[in-house]
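I am opening a notebook page for this chain and want to look up its confidence, its layout and its surface. I begin with the sequence and the structure themselves.

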Amino acid sequence: MSKRFKSGAALVAALLFTATEADAAADVAHILWKDLRPATQAVAEDANLPMIAAKLPDHGETLSLNLQDKTIKLAGYALPVDREGDLVYQFLLVPWTGACSHMPTPPPNQIVLVTPAHPYTLKEAYEPVAVTGVLKPGMEKSQLFILDGVSIVQSGYTVRKAEVASVDSVPDTVTLPVNSPWNFLNKKKN
């Protein structure tokens, strides 16, 4: 009788865990980069968004507050801010390869400062990743160390204690111009 009770209790616990996990997954909003901009702001169809944002009265600093404190999942490209070797403790999530480094910086409402729940092993800069966590709107400045010096980059959102997973592609990636020095990052590796 005791064995049956233990087996039944284990089954109930497993079902509850699965149901809780399914509820948590249902509460995750899968968003695209356009969801981080106000509906009135121009949509990026190419890498000219920084130039478009520079002409806007707010320079792309108006944030979308309808996702505030919601658990989101967003795919983009990881650009390390704080790293030790291949372990990354904090990174900028950006909508296209080469952003912030030798290319114009996206507007703040197109940059997310991500702090992973656990250090993330990054294989290469601009690795495509999906980030899941609670989105917090708010301007933050980060020092980005690039080849030709230090750059200060302003992000419009943060996700702390994020789950980070490598992905094959970013569904709404911005297409880089043909003459972009970062086009090699868009090619599939064998």
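**Confidence.** I noted before anything else that this is a predicted model. I looked up the mean pLDDT of the chain and found 78, with 65% of its residues reaching 70 or more.

**Layout.** I looked up the elements of the chain and found two helices and seven strands, which follow the pattern α-β-α-β-β-β-β-β-β when read along the sequence. I also looked at contacts between residues at least 6 apart in sequence, and of these 72% join residues at least 24 apart.

**Inside and surface.** The chain has 190 residues, and buried residues make up 41% of them. I noted that the chain exposes about 11,000 Å², of which carbon and sulfur atoms supply 58%.

**A nonpolar patch.** Which residues form a nonpolar patch on the surface? I found Phe145, Val150 and Ile152, which together have about 320 Å² of accessible area. I traced Phe145 to strand S6 (residues 127–146). Why does Phe145 count as exposed? Its relative accessibility is 57%, and the cut-off for exposed is over 50%, so Phe145 counts as exposed.

Notes. Residues are numbered from 1 along each chain as its sequence is written. This is a predicted model: local features need pLDDT of at least 70, side-chain atom pairs count only at pLDDT 80 or more; totals for chains, interfaces and linings use all residues. Side-chain values use heavy atoms; hydrogens and water are left out. pLDDT is the predictor's confidence in each residue, from 0 to 100. Patches are made of residues with over 30% relative accessible area and no salt bridge: like charges are joined within 9 Å, nonpolar side chains (Val, Leu, Ile, Met, Phe, Trp, Tyr) within 5 Å. Accessible areas come from the Shrake-Rupley method with a 1.4 Å probe; for residues, only the protein chains shown count as cover. A salt bridge is a side-chain nitrogen of Lys or Arg within 4 Å of a carboxyl oxygen of Asp or Glu. Helices (H or I, at least four residues) and strands (E, at least two) are DSSP runs, numbered from the N terminus. Buried means under 20% relative accessible area, exposed over 50%, partly exposed in between (1.4 Å probe, protein chains only). Contact means heavy atoms within 4.5 Å.
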